[in-house]
Amino acid sequence: MIKLKNLVISLIISVGIGMLSGFLTKGSSKAFSENFNQSVLTPPDWVFPVVWIILFTLMGFSAVLIYQSDCKVKPYALIVYGVQLVVNFFWSIFFFIGNEFEISFGWITILILLVMAMIILFYNCKPFAAYLQIPYLIWILFASYLNYIICILN
């Protein structure tokens, strides 16, 4: 059974990091779509915050499942979870504020590897927690494609 206090704290951490990233990059991300060539598969601007709030919520929910587990790899799983949150946060900074598209592509590649490691570790503790991260992995794979196309077109 999930303890409400733990869930709230976990959601504050995950969604809070996402909201802080969104707040810091808001002006840059709006100007971005007007100033740079993008893939024809790039969704409309309104899609991104909707998807990210769902993904950060799923992250927070799965993290609390791991936190409350008795799994041997729990400390490693939570460390990888925390590191991927930090890497995720800085990708937005590099990409939207710095317009460092090549660095961002390398950075998102690191993020993909971290998320894959997180999913494996989560699976070893609570398979359901790992399954909740599959949409996140799919989204950042798609984001890496968009990032790559921006590198090529700009």
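Where is N99 found? N99 sits in the loop between α3 and α4, where helices are DSSP runs of H or I with at least four residues, numbered from the N terminus. Its phi is near 50°, a positive value in a residue other than glycine. At 32% relative accessibility, N99 counts as partly exposed; the scale used here calls a residue buried under 20% relative accessible area, exposed over 50% and partly exposed in between, with a 1.4 Å probe and protein chains only.

A word on the model itself. This is a predicted model, in which local features need pLDDT of at least 70 and side-chain atom pairs count only at pLDDT 80 or more, while totals for chains, interfaces and linings use all residues. Residues are numbered from 1 along each chain as its sequence is written, and side-chain values use heavy atoms, with hydrogens and water left out.

Axes are lines fitted to C-alpha atoms, for helices over the stretch in contact, and angles run from 0 to 180 degrees between N-to-C directions.

| Helix pair | Angle | Axis distance |
|---|---|---|
| α2 (residues 47-67) and α3 (residues 74-97) | about 160° | 10 Å |
| α3 and α6 (residues 134-153) | roughly 25° | within 13 Å |

The second pair makes α3 roughly parallel to α6, whereas α2 and α3 are roughly antiparallel to each other. Angles under 35 degrees count as roughly parallel, over 145 as roughly antiparallel, 65 to 115 as roughly perpendicular and the rest as oblique.

The crossing of α2 and α3 is left-handed, and the crossing of α3 and α6 is left-handed too. That label applies if the near helix is turned anticlockwise from the far one by less than a right angle, and right-handed if clockwise.

On the α2 side, W52, F56, M59, G60, A63, I66 and Y67 meet K74, A77, L78, Y81, Q84, L85 and N88 of α3. Sorted by class, this contact of α2 with α3 has ten nonpolar, three polar and one charged residues. Here Ala, Val, Leu, Ile, Met, Phe, Trp, Tyr, Cys and Pro count as nonpolar, Asp, Glu, Lys and Arg as charged, and the others, Gly among them, as polar.

Towards α6, the α3 residues Q84, N88, W91 and F95 meet Y136, N147 and I150. This contact of α3 with α6 has four nonpolar, three polar and no charged residues.

Q84 lies in helix α3 and, at 0% relative accessibility, counts as buried. Leaving aside its neighbours within four places in sequence, Q84 is in contact (heavy atoms within 4.5 Å) with M59, L111, L114, V115, M118 and Y136.

E34, in helix α1 (residues 4-35), is exposed, with a relative accessible area of 68%. The C-alpha atoms of E34 and L111 are separated by 26 Å, the two residues being 77 residues apart along the chain.

**The disulfide**

The structure holds one disulfide, defined as a pair of cysteine sulfur atoms within 2.5 Å. C71 and C125 form it, with their sulfur atoms 2.3 Å apart. The S-S torsion of C71 and C125 is about -80°, so the disulfide is left-handed. The pair links distant parts of the chain, 54 residues apart: C71 is in the loop between α2 and α3, and C125 is in helix α4 (residues 101-125).

Are these cysteines buried or exposed? C71 is buried, at 17% relative accessible area, and C125 is buried as well, at 14%. Another cysteine, C151, counts as buried at 17% relative accessibility.

Methods: Helix = DSSP H or I, 4+ residues; strand = E, 2+ residues; numbered from the N terminus.
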